[in-house]
Structure formats: structure tokens, C-alpha cells
Amino acid sequence: GTRKITPGFRLVEKYSLLVGGASTHRMDLSHMVMLKDNHIWSAGGITGAVKAARKACGFSSKIEVETRSLEEALEAAKAGADVVMLDNYTP
């Protein structure tokens, strides 16, 4: 399910996804680290961003990386990302 929700309706909208047979992306910001292009840029690359996130959040949090190409997706996977999202990706 989408990570975009209507303000004030998070619980209802996440519940409706579950009832409809879909899974939620995450409940809120505390359930997963999401690395976007600005995080990757400030860390000097995908590998550095994943390593910094893992150091900050520990072993029990999932790390998701938004990627824009196959090369970025492969780098994120090799760096240890738990989830690789192909964002604005043209195959």
C-alpha cells in the first residue's frame, strides 16, 4: 500500500489496506529508514548512506533505498539495503 495517507486518517487507511488484502508500506516514520536522493547525496553515495543509516538505527530496523536506475538498485542491494524501491525508473 501507499505510504501517502490523509492527515488524521492513518490508522483507518492502513486498516483498510489490510482488510482489502494489501500490506502497508510502513505504519509511520519510526518503522523503517527510508533513504531518498538528498540523503544519498549528503552521504556521498548509496553505500555511504546505507552504512550511516545502519550505524544510526541498529540491526533491527529495515533500511529502504529509493533508486533511479538498475546500477543504483544493485549498489543498494550490495550495500545491505533491506528494501530497494525503483522510483521514477524506466526499464
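**Reading the fold**

Modeller: This is a predicted model. Let us start with strand 2, which is mostly covered, as five of its six residues are buried.

Colleague: Which strands pair with strand 2, and in what sense?

Modeller: Strand 1 (residues 32-35) pairs with strand 2 in the parallel sense over four bridges. Within this pairing, Leu35 has Val65 of strand 2 as its bridge partner. Strand 3 (residues 83-86) also runs parallel to strand 2 and is joined to it by four bridges. There, Thr67 is bridged to Leu86 of strand 3.

Colleague: What do strand 2, helix 4 and strand 3 make?

Modeller: Together, strand 2, helix 4 (residues 70-79) and strand 3 form a β-α-β unit, and this unit is right-handed.

Colleague: How should I read the nonpolar core?

Modeller: In soluble globular proteins, nonpolar side chains tend to be buried together. Here the largest nonpolar core has 10 residues, among them Leu35, Ile40, Val50, Ile63 and Val65. Helix 3 (46-57) and strand 2 (62-67) are the elements that each give two or more residues to this core. Helix 3 gives the most, with four residues.

Colleague: Which residues does Ile63 contact, beyond its neighbours within four places in sequence?

Modeller: The contacts of Ile63 include Met32, Val33, Leu35, Val50, Ala53, Ala81 and Val83.

Colleague: Why does helix 1 lie largely in the open?

Modeller: Helix 1 (residues 10-19) lies largely in the open because, of its 10 residues, the number buried is one. Gly21 follows helix 1 and has a positive phi, near 95°.

Definitions and conventions:
Residues numbered from 1 in each chain as written. Predicted model: local features only at pLDDT ≥ 70, side-chain atom pairs only at ≥ 80, totals over all residues. Heavy atoms only, no water. Core = buried A, V, L, I, M, F, W, Y, C linked by side-chain atoms within 4.5 Å. Buried < 20%, exposed > 50% of the residue type's maximum accessible area, 1.4 Å probe, protein only. Contact = heavy atoms within 4.5 Å. Pairing = 2+ DSSP bridges. Right-handed = clockwise from strand over helix to strand, strands pointing away.
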